[in-house]
Amino acid sequence: PSRQEAADAGGEPAPNEPWDTQIRRLFPPRDIPPSRYPSVVGIHLGHFEIEERIARGGMGTVFRAKDLRLDRLVALKVLSQEQLRDPAAVQRFHNEARAAAKLDHENIARVYYIGEDRGVHFIAFEYVRGTTVREAIAAKRQLTQDEAVNYTLQAAEALRHTDIAGVVHRDIKPSNLIVTPSGRVKLVDLGLARHIVPNGEAELTVSGTTL
């Protein structure tokens, strides 16, 4: 089929596909079950080409995408269209990128880029292959003692680094800890992060607003 026909069928967008149509592909109505979400393959945001939808939450959607400049995969977190109407939500989204950019540790997913394309705001994070601790518990019903201690110690190392950087994550839970095939734990999702700043300076987030 032609690129236009593929786009009409929910596949790769055609070069002349309207932007609002691509937006609907990125953010389908929430009453549609995930199994019926349209394809997002081939949609571009800045210099990133989206390959797959990974997860969707209240603040936005995470996609697997390819960085066309550096030829690597990233986890592209895109602010939802509903949140765009709230300037405070947009500010919190940018604050997340700033907080994450302060962190450089083997147990924390790194932020690579923050950008905006035709009104769509996004953050490019390190793409981490693996399974969340929540998924591991669901699959095994119970972690072994060695696994539990190992994951906890690695998470603690990540939190020690965030503390040194003056960042409080505020959303530590099994679904935000990804275990790679090699056993490395990666802390992800700083959507509720708070940046601790000296007295008298404005905080990047107002305590409790995201909560």
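Visitor: How many aromatic pairs does the count come to?
Guide: The model is a predicted one. Rings of Phe, Tyr and Trp pair if their centres lie within 6.5 Å. By this rule, the number of aromatic pairs is 3.

Visitor: Is the pair of Phe48 and Phe122 stacked or edge-to-face?
Guide: The ring centres of Phe48 and Phe122 are 5.8 Å apart. Planes over 60 degrees apart count as edge-to-face. The planes of Phe48 and Phe122 stand at 75°, so the pair is edge-to-face.

Visitor: How many residues apart in sequence are the parts that Phe48 and Phe122 tie together?
Guide: Both Phe48 and Phe122 are buried. Phe48 belongs to strand 2 and Phe122 to strand 6, so the parts their pair ties together have a sequence separation of 74 residues.

Visitor: Which residues do ring pairs link into a cluster with Phe48?
Guide: Tyr113 and Phe122 also form an aromatic pair, stacked, with 6.4 Å centre to centre and 25° between the planes. Phe122 has 2% relative accessibility and is therefore buried, whereas Tyr113, at 33%, counts as partly exposed. The cluster joins Phe48 to Tyr113 and Phe122.

Visitor: Which strands stand at the edges of the open sheet?
Guide: The open sheet has 6 strands in the order 1-2-3-4-6-5, with antiparallel pairing. Two of them have a single partner strand each, so one side of each lacks a neighbour in the sheet: strand 1 (44-45) and strand 5 (111-117).

Visitor: Over the face of which residue does Arg118 lie?
Guide: Arg72 is placed over the face of Tyr112, 3.6 Å from the ring centre. For Arg118, the distance to the ring centre is 3.6 Å, and the ring belongs to Trp19.

Key. Residues numbered from 1 in each chain as written. Predicted model: local features only at pLDDT ≥ 70, side-chain atom pairs only at ≥ 80, totals over all residues. Heavy atoms only, no water. Pairing = 2+ DSSP bridges. Helix = DSSP H or I, 4+ residues; strand = E, 2+ residues; numbered from the N terminus. Phe/Tyr/Trp six-rings, centres within 6.5 Å; stacked < 30°, edge-to-face > 60°. Buried < 20%, exposed > 50% of the residue type's maximum accessible area, 1.4 Å probe, protein only. Lys NZ or Arg CZ within 6 Å of the ring centre and 35° of its normal.
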